[in-house]
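Trainee: Before I use any structural label, I would like to understand what stands behind it. Could we go through some of them together?

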Amino acid sequence: MEKATKDHAALAEAFNQDEEHVNWHDGALWWIRQKRDIAAKNIPEWEQLRETASRIKSNVLSNLHDYLLEFEANLTKNGVTVHWAADAEEHNRIVYSILKAKEITQMIKSKSMLTEECHLNEYLIERGIDVINSDLGEYIQQLDNEPPSHIVLPCIHKRKEEIGEIFHEHLGTEKGVSDPTTLTRFARWHLRDAFISRRAALTGVNFAVAETGEYVVCTNEGNADMGAHLSDIQIASMGIEKIIPKKEHLGVFLRLLARSATGQPITIYSSHFKKPRPGQEMHLVLVDLGRSRQLGRPDFRDSLKCIKCGACMNTCPVYRKSGGLSYHNTISGPIGAILAPNLDMKRHADLPFASTLCGSCSNVCPVKINIHDQLYQWRQVIVQEGYAANTKVLGMKAMAWTLSSPGSYSTIGRAGRWVLNNIPFAVNNKFNPWYKQREMPDGPKESFGEWYAKNQGDNGSEKV
Amino acid sequence: MTVGLFIPCYVNQFYPQAAIATLQLLQKLGVEVVYPPRQTCCGQPMANSGFEHLTQDCNRLFLENFSEFDYIVAPSASCVLHVKQHLHAPTNPALAERTRSRVYELVEFLTDVLKVENLAARFPHKVGIHQSCHGLRGLYLAQMSELNASPFSKPVQLLNMVDGLELVDLDRPDECCGFGGTFCVAEEAVSVKMGKDRVTDHVKNGAEYITSVDLSCLMHLEGILHRNKSAIKAVHIAEILNATV
């Protein structure tokens, strides 16, 4: 999907060909939004927690350099090898070189959106290293050769029957079996082999504590722990924005994360990794990949506060009704739409427009990122940088000219209403996207301005 | 107190009855209202499409028309929010700031400035409120479901004063309708699906009318209702508050 040439609107239209599936997808995500609401409303200090988290992250973004060096020093003290990667290529090269040095050809990987962004799996597979995603949703997506459609719920767009088909095809389950418990047991049985036999495990990082040099990985399945604890080589990949200053701040973020993501009071496993056990090697790769460039954009730097809970996706009606894959980017939904243009503005020029600017995202966000304001700002930047279609530029210029001149506006308004009344087929046709599934408004005989001139005199004194 | 009546461009052309209701309602409440005839558009359609830099003439015209009034009132949350956030005057920033602070959406003007406590209105129908997102999350006309905060609703406060009116509860009380300005044509499939789902919620819960503080939402929902030959009608809140059947 990363190579998609179609834009969000076209991919969303394709997604909407199966309305019953859209209803199901919308309902599944809305159910999670409702669970999140209940969890958030059970905590009287919820809004204060959001504000606190947002401010801690502001502090982090303003002092990132110092916290990163502190974190690195503590990691080193704890016996963890630290690597720095400027981009995806460098990250992938570092991971590969760690594995190659130990002649490892198989790795197990828990959920990490960063490695998805880096396309690590493809890179390693091309070099003869087999990678298995151990998060169940990501495992399913990997079997189906599709990227995740949601950062927390990677295969939320697939129904259990589709998953049953995939298991039948790739794992040899009986055809027609779609019971989630049966399928999960089957996946567990397959994965257990990988957990036991693979010498290298890679995890993502949810929070990296500068003052202690430890990092926290949150999973519901315990798959990160299984991989990491059984490995000889443990690797963690993290974006540089994942730092928090102190361990005590985890009390703020862990309370927000699970409630925002799924409505759970706490993630099942919040595992702290600090030092290698005897005989084990631990590596941590700190990755920039556009983060420092985004940090330098005043209007967009707060997007780096994201803790990847996915709440903005669950609440976004556009996301729910278009599916994560229609965003053709690793991070989809509203947060993806403000992160992606930083990485490649031309390629992702459509994403900030895939929103009604309804503002729900900004108000569920546990770290209070002003997502919808940033979507508006990205639109301005994308147009200024010349990534808007020429037809749109001409249209907008014409519209601005008409609407800024009272004379031309009333002439065109009168003409428009006349057309609606007298030759409706001039606008009610297949070239008008409004008319495809909606009627045009009725064209009233007179505008309010005309009515007012007739019926009310100067300064509002009534004539009739 | 003199109020400048700001009637958004598309309301002026397509929904004069809502503008007339707004004017009559304000006059009934004893407000002196003036409609500056040379007004056009606040510039929002361009700005939300990424062309805010083309809205300088709209801003200049808006200030010419409205900067002298004590209050500026419009029957549109979306246009009001745009003016409040984006009306600028490079040569006279103080004038722009003062004007921005005097712009009110009709409902908030009635509840917060006029402090209306009763209305001589009658509308004996079952009504569902479609929350305009810009009214809800931009102007805070009501509490949004996302926050853990005390509930309130200015539109409900006023509609409760209308004789015979019965409000219906919706399954999703503040979900976006999918209009979204140029989104409604640029993302036609998603826009329509969002609108259809809002309509279904009102139908399912027995509404005879869908009302809102924004005609842009209503124009979109009405387009879907008309296409489906639905008996449900879309009506601006000013028309209900001004109704005396």
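Mentor: We will take the labels one by one, keeping in mind that this is a predicted model.

Trainee: How do you know which contacts in chain B join residues at least 24 apart in sequence, and what share do they make up?

Mentor: The count takes contacts between residues at least 6 apart in sequence, and 77% of these join residues at least 24 apart.

Trainee: Which domains does chain B have, and what parts of domain 1 touch domain 2?

Mentor: The domain assignment gives domain 1 (2-113) and domain 2 (126-241) in chain B, with 22 Å between their C-alpha centres. Their contact takes 24 residues from domain 1 and 22 residues from domain 2 of chain B. On the side of domain 1 that touches domain 2, helix H1 (9-14), H2, helix H3 (44-48), H5 and helix H7 (106-113) of chain B each supply at least two residues.

Trainee: Why are S2 and S4 of chain B called edge strands?

Mentor: They belong to an open sheet of four strands with the order S2-S1-S3-S4 in chain B, paired in parallel. Strand S2 (32-34) and strand S4 (103-105) each pair on one side only, and that is what the term edge strand refers to. From one strand to the next, the twist averages 35°. Within the sheet, strand S1 (residues 2-5) and strand S3 (residues 71-74) of chain B run parallel and are joined by three bridges; Gly4(B), for example, has Ile72(B) as its bridge partner in S3(B). Helix H5 (residues 77-86) of chain B lies across S3 and S4, running at about 155° to S4(B).

Trainee: How do you know that the length of H2 in chain B is close to what is expected?

Mentor: Helix H2 (residues 16-28) has 13 residues, for which 1.5 Å a residue gives an expected 18 Å, and the helix reaches 18 Å from its first C-alpha to its last. Among the buried residues of H2(B) are Ala18(B), Thr22(B), Leu25(B) and Leu26(B). After H2(B) comes Gly30(B), whose phi is positive, near 85°.

Trainee: Turning to chain A, why is Val393(A) called partly exposed?

Mentor: Val393(A) has 16 other C-beta atoms within 10 Å; buried would need 20 or more and exposed 12 or fewer, so Val393(A) is partly exposed. Its place is in helix H19 (residues 390-403) of chain A. Val393(A) and Leu343(A) are 50 residues apart in sequence, and their C-alpha atoms are 24 Å apart in space.

Trainee: What pairing does the open sheet S8-S5-S6-S9 of chain A have?

Mentor: The pairing of these four strands is mixed. One pair, strand S5 (residues 207-209) and strand S6 (residues 214-219) of chain A, is antiparallel over three bridges, with Ala208(A) opposite Tyr215(A) in S6(A).

Technical notes. Residues numbered from 1 in each chain as written. Chains lettered and ligands numbered in written order. Predicted model: local features only at pLDDT ≥ 70, side-chain atom pairs only at ≥ 80, totals over all residues. Pairing = 2+ DSSP bridges. Axes fitted to C-alpha atoms, helices over the stretch in contact; angles between N-to-C directions. Contact = placed C-beta atoms within 7 Å. Expected span 1.5 Å × (residues − 1). Domains from an automatic or database assignment.
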